[in-house]
Amino acid sequence: MLPTDISEPGKEYLRSRGYEIKFGHGIDEETIIQDIQDCDALLARNEYITRHIIESAPKLKVIAKHGVGLDKIDLEAAKDCKVWVTNGPISNTVAVAEHTMMLILACAKRLVFFDAAVRSGNYEIRNKIKGTDLDGKTVGIIGLGKIGMQVAKKCHSGFDMKVVGYDPYIKKEQVPEYITCCDNMEDVIQTADFVSLHLPATAENKEFFNAK
């Protein structure tokens, strides 16, 4: 069952392997419960898949995440009900890394401020607000997983930036030589001109980064 539609190649992939696709009528809890009654699998996008949904689906065997993050799926409930949960760990790595570079560039070049000013006819904005180049600057990456590594590569190879990183779960021998590993997050923040966070949305990481 698909509570939210996906692209045609994805649907064709399922149909070509003999799966029947049922489209949902909404993404609220009660609607999903009604739609999922006769389904063996659920392909979730941004819907919250709650314990109530999982426990109300008598035939459910698999919940597949159309993407990476599993924070909107009640994993404990799935475990209790013996429902498999899968995701696509590399499905959006490049897209998110490129999006990150767009945001870093937007910050460096003060894009939002310049865009608003020029649209209002204020061409003197360039004499009041200055952007900066990325060349030679330091980017700090907290979380050196697939996406974090891609961002590091693009910063180093594409923009001649220095890269410092922090990830307590990765061994230093797994890190490319152009990334300087720090022993703690504070060292990254004090060193970097830009900081990019690439952490899963887990209870452990809630409020991991704050104003202080």
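## A phenylalanine at the surface

Phe209 is partly exposed, with a relative accessible area of 38%; buried means under 20%, exposed over 50%, and partly exposed lies in between, using a 1.4 Å probe and protein chains only. You will find Phe209 in the segment after strand S7 (194–197). Helices (H or I, at least four residues) and strands (E, at least two) are DSSP runs, numbered from the N terminus.

Phe209 belongs to a nonpolar surface patch with Ile189, Val195, Leu197, Leu199 and Phe208, and together they have about 430 Å² of accessible area.

## About the model

This is a predicted model, in which local features need pLDDT of at least 70 and side-chain atom pairs count only at pLDDT 80 or more, while totals for chains, interfaces and linings use all residues. Residues are numbered from 1 along each chain as its sequence is written, and side-chain values use heavy atoms, leaving out hydrogens and water.

In soluble globular proteins, nonpolar side chains tend to be buried together.

Not counting residues up to four places away in sequence, Val139 touches Ile104, Cys155, Met161, Lys162, Val163, Val164, Ala192 and Phe194, where contact means heavy atoms within 4.5 Å.

## A serine in a loop

Ser56 sits in the loop between helix H3 (51–55) and strand S2 (62–65). The Ser56 side chain reaches the backbone oxygen of His52 at 2.6 Å. Setting aside neighbours within four places in sequence, Ser56 is in contact with Ile33 and Gln37.

Notes
Patches are made of residues with over 30% relative accessible area and no salt bridge: like charges are joined within 9 Å, nonpolar side chains (Val, Leu, Ile, Met, Phe, Trp, Tyr) within 5 Å. Accessible areas come from the Shrake-Rupley method with a 1.4 Å probe; for residues, only the protein chains shown count as cover. A salt bridge is a side-chain nitrogen of Lys or Arg within 4 Å of a carboxyl oxygen of Asp or Glu. A polar contact is a pair of N or O atoms within 3.5 Å; within protein, one must be able to donate a hydrogen and the other to accept it, and residues adjacent in sequence count only if both atoms are side-chain atoms.
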